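Please open the model in your viewer and keep the selection tool at hand. The stops below say what to select next and what to look for there.

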Amino acid sequence: MSHVPQIKIPATYIRGGTSKGVFFRRLDLPAVAREPGDARDKILLRVIGSPDPYGQQIDGMGGATSSTSKTVIVDKSTQPGHDVDYLFGQVAINKAFVDWSGNCGNLTAAVGAFAIMSGFVDAERVPENGICTVRIWQKNISKTIIAHVPVSHGEVQETGDFELDGVTFPAAEVAIEFMDPADGEGSMFPTGNLVDDLEVPGIGTFRATMINAGIPTIFVNAADIGYAGTELQKDINSDAEALARFETMRAWGAVKMGLIADISEAAARQHTPKIAFVAPATAYVSSSGKQISAGDIDVCVRALSMGKLHHAMMGTASVAIATAAAVPGTLVNLAAGGVERDSVTFGHPSGTLRVGAAAEIVKGEWRAKKAVMSRSARVLMEGFVRIPGDAF
C-alpha cells in the first residue's frame, strides 16, 4: 500500500506579546493556498493540528489554547504607504474551522520584525541602530498599524529588558500604534448607545457596553454576573456551565451588534466578538503569584477568547478596553472611576497592562483616533513545517 509523503512549507514560529503562532510568507505557501479558500484553511488546520477531538493539538504546532492556535500570512503590501499586508487566521482547536473575522493584536508585535527579516521593508528604511518604523496593513479589518521595531547592528533586536506580564522572560520593547482602530464607518458603538440592556433569553438582562475598536467586544459588569473581576483561569475555565452562559451572552451580543443575524451563526464566528467583564480596581494575586494592589491599576478586566478565559489579555481587546475607558459613560470608564482619561492601566489574570487611547466625537459619533501599547516578540524556531501531502 502506497502512502502520500509529507510536504515541507517554509515557516517561522514566533511569540508575539502573550501569544504565539506560525508565520508564513504568502508566496511560500503551496500555490493553492496563496488565496482564500478551502485548500488554504485545510493546510493551516493541519499545520496547527486541528480539528483535535482530544483538544490537545498533539499532531501539530498548536498549543491547545486560543493564544497558541494562531497563524499569520505576510506579504509585500499592495496598499500605498504600507510595507506589508498582515492576514491573521485564528484556528479552532476541536473544529475544522479557521476564523478570519478579526485581528490578533499580540501577534502584531511580531509582524514588524518578521517583515524586516523577510525583506519586505526597503533596506534603506532599516537603520543600522535605532528604531525601524514598519507600516502594516491589517487585511482582516482593513486598518493601518504602525510597529516601532528596535534594530541593532542592522538586524532586528529581540532581546532586552522589557517585561510583559504573561510572558516569563524579558525581551526588547516594540511599541505599536493602532490607527483609527474602530471597525467600519460611523460610530464605534454599533447600537448607537454607550450602554445597552442586553437581553439573553433564559439567562437574564444585563447592562452592556458594545464597542468596535481593536476588535468587537461586549463588556458587562462583573458584579451583574456574580463575579468580582479578579478571577483567574481556573475559576472560570473549570466551570462548564459558566462557559456556556458566556457563549450564549456572546451570541446574543453579536446579534445586537449586527455582526450576525441569528445566534446560530455564532458558532462559525468564534473569534469575534469577544466578551469581557469589568470591575473597579481591586487587589488580587495574579496567576504567577504576583501581588496586584488596587493602587497599581485603574480597573479590573477579564476577557474570554474562543470560549475560555484568556490567561492575560488579547492585544485587540486591550485596544477595546483603552478606547472604551476614554469615553465617559461606558461601563469600562465607569468601573475605572468615571473620569476623563487618555490611558488606562488594567488588571488581568497575569498582571497589569497600560494602554493609551484617544477618542473624539465626529459629526455626533464617537470615533477612536488611535491606541498605543507596548509588546515584545521573539522568534522561537524557523525552517519548515511538514504536513501530509494529501492534507488539502
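A polar contact is a pair of N or O atoms within 3.5 Å; within protein, one of them must be able to donate a hydrogen and the other to accept it, and residues adjacent in sequence count only if both atoms are side-chain atoms. The model is a predicted one, in which local features need pLDDT of at least 70 and side-chain atom pairs count only at pLDDT 80 or more, while totals for chains, interfaces and linings use all residues. Residues are numbered from 1 along each chain as its sequence is written, and side-chain values use heavy atoms, with hydrogens and water left out.

Select T209 to begin, which lies in strand β11 (residues 204–213); helices (H or I, at least four residues) and strands (E, at least two) are DSSP runs, numbered from the N terminus. Which backbone nitrogen does the side chain of T209 reach? That of L331, at 3.0 Å, and the side chain of T209 also reaches the backbone oxygen of L194, at 2.7 Å. T209 has a relative accessible area of 0% and is therefore buried, where buried means under 20% relative accessible area, exposed over 50%, and partly exposed in between (1.4 Å probe, protein chains only).

Next select F219, which, leaving aside its neighbours within four places in sequence, is in contact (heavy atoms within 4.5 Å) with residues including T209, V301 and L331. A nonpolar core is a set of buried Ala, Val, Leu, Ile, Met, Phe, Trp, Tyr and Cys residues joined through side-chain atoms within 4.5 Å. In the largest nonpolar core, which has 69 residues, V134, F219, V301 and F346 touch the most other members. Helix α2 (residues 105–117) gives the most to this core, with eight residues. A second, separate core of 30 residues includes L198, M249, A254 and I275.

Now move to helix α4 (residues 240–256), whose buried residues include F246, M249, R250 and A254. At its start, a side-chain oxygen of D239 reaches to within 3.2 Å of the backbone nitrogen of E241, and α4 is followed by G258, whose phi is positive, near 80 degrees. An α-helix has 3.6 residues a turn, so residues three or four places apart point the same way.

Finally, select C132, which counts as buried because its relative accessibility is 0%, and then C300, which is buried with a relative accessible area of 0%. A search of the whole structure finds zero disulfides, a disulfide being a pair of cysteine sulfur atoms within 2.5 Å.
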